[in-house]
Amino acid sequence: MRDRSRFRRARRLGAGAVVVAALAGTNGPWLYRFGSERYHRYEINRPEYKAANGHWEIVEFPKQYRQDTIHAVLLHTGKVLLVAGSGNNQANFDVKRFDSRVWDPVRGTIRKVPTPNDLFCTGHTQLADGRILIAGGTKRYEKLKGDVTKAGGLMIVHNENPDKPVTLPAGTSFTGRANGRTFISKDPVLVPRAKKNFDSRTGRFLGNTPGLGRIYVEARRSGAKYETGTQDNYRIRGLTGADARNTYGIAQKLALDKKDFQGIRDAYEFDPVAEKYIKVDPMNEARWYPTLTTLGDGKVLGVSGLDDIGQLVPGKNEVFDPATRKWAYTPKVRQFPTYPALFLLPDGKLFYSGSNAGYGPDDVGRDPGVWDVESNRFTRLPGLGDPDRMETSGTVMLPPAQDQRFLVIGGGGVGESSLSSRRTRLIDLKAADPRFTDGPSLEKGTRYPQSSILPDDSVLVSGGSEDYRGRGGSDILQARLYDSVAGTFRRVADPLVGRDYHAGSILLPDGRVMFFGSDPLYGDKAGTRPGRFEQRIEIYTPPYLYRDARPSLSGGPRTLTRGGSGTFVSRHASAIRKVRLIRPSASTHVTDVDQRSIALGFRASGDRLTVTVPENRNLVQPGWYMLFVDDDQGTPSKAKWVKVP
């Protein structure tokens, strides 16, 4: 039997006049604040205010269904997959408590979904058949320097035998030839055979290039006396004869330094109809904080992340083929920081805005540009404002996608920096000489801005914080609508809940926007109490849904082909001014490279509306889309789900 629960939206209601009267004589200043709050609630609930600024309301699940949502994906069923994994909670990780929920925002139902692994900080994207590809996650939590008790780090295992690979099990001992210290491997490792090298002109044998394997090792016992300060060559216990001569380890410093999160290779497809995870072949590389970008042929590019020993994957990117459910390396190597914002362009190349979620060197792979994956050519783009404050910035492909314009929002300094940027940056990739220019400024420096494309071609930008993870009580309770034609912001109703790290937003099929998550570092401005993960969902209803009526849209085909047309029914066909095909979101860590809004050609005849899809596969990736129509007032219909094969 399905595990479901119905719930009602929680509303913030003012207290009655009796309570006010009872307190009036004893608490004047409190009464003033209370009265001001009551008036504010009255003001934001007036129809005129909603019509101009929109409205926010909070959804609070019953206690047994709450979780620390890190990822959210809109499914073609109209429901939302909410993924927590261990939810950035070491205690959950230790007992293997991994959570996911499927929430129906229309019917108000929620279902617990068995979650096969720790999908905390995974990557995800929409596949052509409507399944969700989810790859990577958490193998091990980080340990801060003061919490590390056993010296450890990276061991590079060398195999000089060209005839066979070597497999070393977890628990293998490595003893330094010079320092005499012994370290133990935490996981098994397969070390490939050495490669024979020959002179291409003479055929003369030039020697072997050792096969290399990477493994995390740590000392047998706790204490600083087991640290090493220099590189050493390590003998591997259990190997004898030729194997002992051909196979050895080399490690640099093995110390009590901070140990970063470690990733997993596991990958899954989530079936939106069966509402369950299905395991597929693992990636070649373990990844924690990866980006998945769907390509024009329906395959998926997996990029970046921390590997199974907590180091940034060294530019070894790979592609998932949904037909075989297997992964293959790309021909060339290119390195990016974690969660890089990579968008597919109409020519099949990828635009990297410079937005990222953090881990990686501050001087490698951070320049924005256009990347040709096949040739590995990377064309840098100039003019970026605040280039040293791009971490935790947001990037949106402005509607319509045919225009190839992007908006980059806010951001902060590398790591736990308190620096943040008030800038927005614009770039038009169809220009003869593309370069970034500054857009309208934000009121405050903003890290972790949430942004969603709306069906009227505006972009909702909300939340974030001025400092790292909301430090110092710096959450920003503001929202704005960006006019993609005028290039201006308009302040709208303020959200009720602060959203910083581990937060995101998703456009729903009815034109509203849901917000999830937030993981503040502290629970108070002074930084004396640990932060508490925000489990409430908040819904923003834009001003366009407070108008008298919205256009209807019904009938029509379930499938639209590129270059083909489909006819739908609308009583308001003569008033339609825009038709948009919007790809559903997959959002996490200020990164949502799935969302895009594509303009469709259309013609009206009576109550019939015939729409035409562009031919370009790189513009219209295969998959499910929300079809919206907008009337002459800019009011959108409810979406119809259509599939582009």
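This briefing describes salt bridges, pockets, aromatic contacts and backbone features of one structure.

The structure is a predicted model, in which local features need pLDDT of at least 70 and side-chain atom pairs count only at pLDDT 80 or more, while totals for chains, interfaces and linings use all residues. Residues are numbered from 1 along each chain as its sequence is written, and side-chain values use heavy atoms, with hydrogens and water left out.

- Side chains of opposite charge can pair when their charged atoms come close.
- D457 and R580 form a salt bridge, with their closest N and O atoms 2.8 Å apart. D457 lies in the loop between β35 (450-453) and β36 (458-462) and R580 in strand β43 (residues 576-582), so the pair ties together parts that are 123 residues apart in sequence. Strands (E, at least two residues) and helices (H or I, at least four) are DSSP runs, numbered from the N terminus.
- Both D457 and R580 are buried. Buried means under 20% relative accessible area, exposed means over 50%, and partly exposed lies in between (1.4 Å probe, protein chains only).
- E142 is joined to K258 by a salt bridge, the closest N and O atoms being 3.2 Å apart. The pair ties together parts that are 116 residues apart in sequence, because E142 is in the loop between β9 (138-140) and β10 (152-159) and K258 in the loop between β19 (247-251) and β20 (262-263).
- E142 is partly exposed at 28% relative accessibility, and K258 is partly exposed at 36%.
- E43 and R46 meet through their side chains in a salt bridge of 2.8 Å, N to O. E43 is partly exposed at 21% relative accessibility, as is R46 at 24%.
- A network of salt bridges links D129, R131, E269, D271 and R325.

**Pockets**

- Pockets are found on a 1 Å grid over the protein atoms alone: a pocket is an open set of points where a 1.4 Å probe fits, with protein on both sides within 12 Å along at least five of seven lines, and lining residues have an atom within 4 Å of a point.
- A volume is the space filled by probe spheres set on the grid points, which are joined across faces, edges and corners.
- The lining of the largest pocket divides into 14 nonpolar, nine polar and nine charged residues. Nonpolar covers Ala, Val, Leu, Ile, Met, Phe, Trp, Tyr, Cys and Pro, charged covers Asp, Glu, Lys and Arg, and polar covers the others, Gly among them.
- The second largest pocket has a volume of about 650 Å³. It is lined by 20 residues, with R214, R265, N284, E285 and D308 nearest its centre.
- β14 (189-191) and β17 (211-219) are the elements that give two or more residues to the lining of the second largest pocket. The largest share, three residues, comes from β17.
- Nine nonpolar, three polar and eight charged residues make up the lining of the second largest pocket.

**Aromatic contacts**

- Rings of Phe, Tyr and Trp (its six-membered ring) pair if their centres lie within 6.5 Å; planes under 30 degrees apart count as stacked, over 60 as edge-to-face and the rest as tilted.
- W288 and Y359 are edge-to-face, because their ring centres are 5.3 Å apart and their planes stand at 80°.
- This pair links distant parts of the chain, 71 residues apart: W288 is in the loop between β22 (276-280) and β23 (291-294), and Y359 in the loop between β28 (350-352) and β29 (369-372).
- W288 is buried at 0% relative accessible area, whereas Y359 is partly exposed at 21%.
- One aromatic cluster is formed by F93, F120, Y141, F261, W288, Y289, Y339 and Y359.

**Backbone features**

- Most residues other than glycine have a negative phi, and most peptide bonds are trans.
- Y289 has a positive phi near 75°, lies in the loop between β22 and β23 and is buried at 1% relative accessible area.
- C121 also has a positive phi, about 65°. It is found in the loop between β6 (109-112) and β7 (123-126) and is buried at 0%.
- The peptide bond from P399 to P400 is cis, with omega near -10°. P400 lies in the loop between β31 (394-397) and β32 (405-409).

Key: Salt bridge = Lys/Arg side-chain N within 4 Å of Asp/Glu carboxyl O.
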